[in-house]
Amino acid sequence: PSSNDDRQWFAVVYYGMGNLYRVKQARAGGTAPSAIAAQLGLHPFVAQKAVAQSALFQATELVLLHHRLLTIDHDLKTSPLDAETLLDAMLVGR
């Protein structure tokens, strides 16, 4: 199992990707960028950055990344590999 630092680092990545997906869905539903923070319960700065970053992805890409992160979360809990190794493997397509 990985260290607490690895798990905390992974949690930050997972949280960020979740925000991107939620923002993407809110924008697709017609929510104005200025209303996203309040609607999703995000700090305005976080919402502003997520709006800009979510525009760089298709919703299907964010879903795929979410599934890959869920797999990494499972592997973190059940394998001897650390978060860095698992995320590196995801980034190179393994």
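In the predicted model, the buried residues of α3 are covered by elements that include α1 (4–28) and α2 (33–40). Helix α3 itself comprises residues 44–54, and the buried positions within it are Ala47, Ala50, Val51 and Ser54. These positions lie on the same side of α3, because the arc they cover around the axis is only 105°.

The axes of α2 and α3 come within 9 Å and cross at roughly 125°. An angle of this size makes α2 oblique to α3. The crossing in which α2 passes α3 is right-handed. On the α2 side the contact is formed by Pro33, Ile36 and Ala37, and on the α3 side by Pro44, Ala47 and Val51. By class, the residues of this contact are six nonpolar, no polar and no charged. Two of the α3 residues in the contact, Ala47 and Val51, are also among the buried residues of that helix.

The chain as a whole contains five helices and zero strands, and the order of its elements from the N terminus on is α-α-α-α-α. The C-alpha trace spans about 45 × 25 × 15 Å along its principal axes. Of the 94 residues in the chain, 29% are buried. Where contacts between residues at least 6 apart in sequence are considered, 61% join residues at least 24 apart.

The axes of α1 and α4 come within 10 Å and cross at roughly 155°. Angles over 145 degrees count as roughly antiparallel, and α1 and α4 are therefore roughly antiparallel to each other. Helix α1 passes α4 in a left-handed crossing. The residues of α1 in this contact are Arg7, Phe10, Val13, Tyr14, Met17, Leu20, Tyr21, Lys24 and Gln25. They meet Ala59, Leu62, Val63, Leu65, His66, Leu69, Leu70, Ile72, Asp73, Leu76 and Lys77 of α4. The contact of α1 with α4 comprises 14 nonpolar, two polar and four charged residues.

Leu62, one of the α4 residues that meet α1, belongs to the helix formed by residues 59–78. Leu62 has a relative accessible area of 2%; the cut-off for a buried residue is under 20%, so Leu62 is buried. Leaving aside residues up to four places away in sequence, Leu62 touches Met17, Leu20, Tyr21, Lys24 and Phe57. Among these, Met17, Leu20, Tyr21 and Lys24 are also listed on the α1 side of the contact with α4. Leu62 is 29 residues from Pro33 in sequence, and the C-alpha to C-alpha separation of the pair is 19 Å. Pro33 is one of the α2 residues in the contact with α3.

The packing of α1 with helix α5 (residues 83–91) has an angle of about 40° and axes 9 Å apart. This angle makes α1 oblique to α5. Asp6, Trp9 and Phe10 in α1 meet Ala83, Glu84 and Leu87 in α5. Four nonpolar, no polar and two charged residues make up the contact of α1 with α5. Phe10 of α1 takes part in the contact with α5 and also in the contact with α4.

Definitions and conventions:
Residues numbered from 1 in each chain as written. Predicted model: local features only at pLDDT ≥ 70, side-chain atom pairs only at ≥ 80, totals over all residues. Heavy atoms only, no water. Buried < 20%, exposed > 50% of the residue type's maximum accessible area, 1.4 Å probe, protein only. Helix = DSSP H or I, 4+ residues; strand = E, 2+ residues; numbered from the N terminus. Arc of directions from axis to C-beta. Contact = heavy atoms within 4.5 Å. Axes fitted to C-alpha atoms, helices over the stretch in contact; angles between N-to-C directions. Parallel < 35°, antiparallel > 145°, perpendicular 65-115°, else oblique. Left-handed = near helix turned anticlockwise from the far one by under 90°. Nonpolar A, V, L, I, M, F, W, Y, C, P; charged D, E, K, R; others polar.
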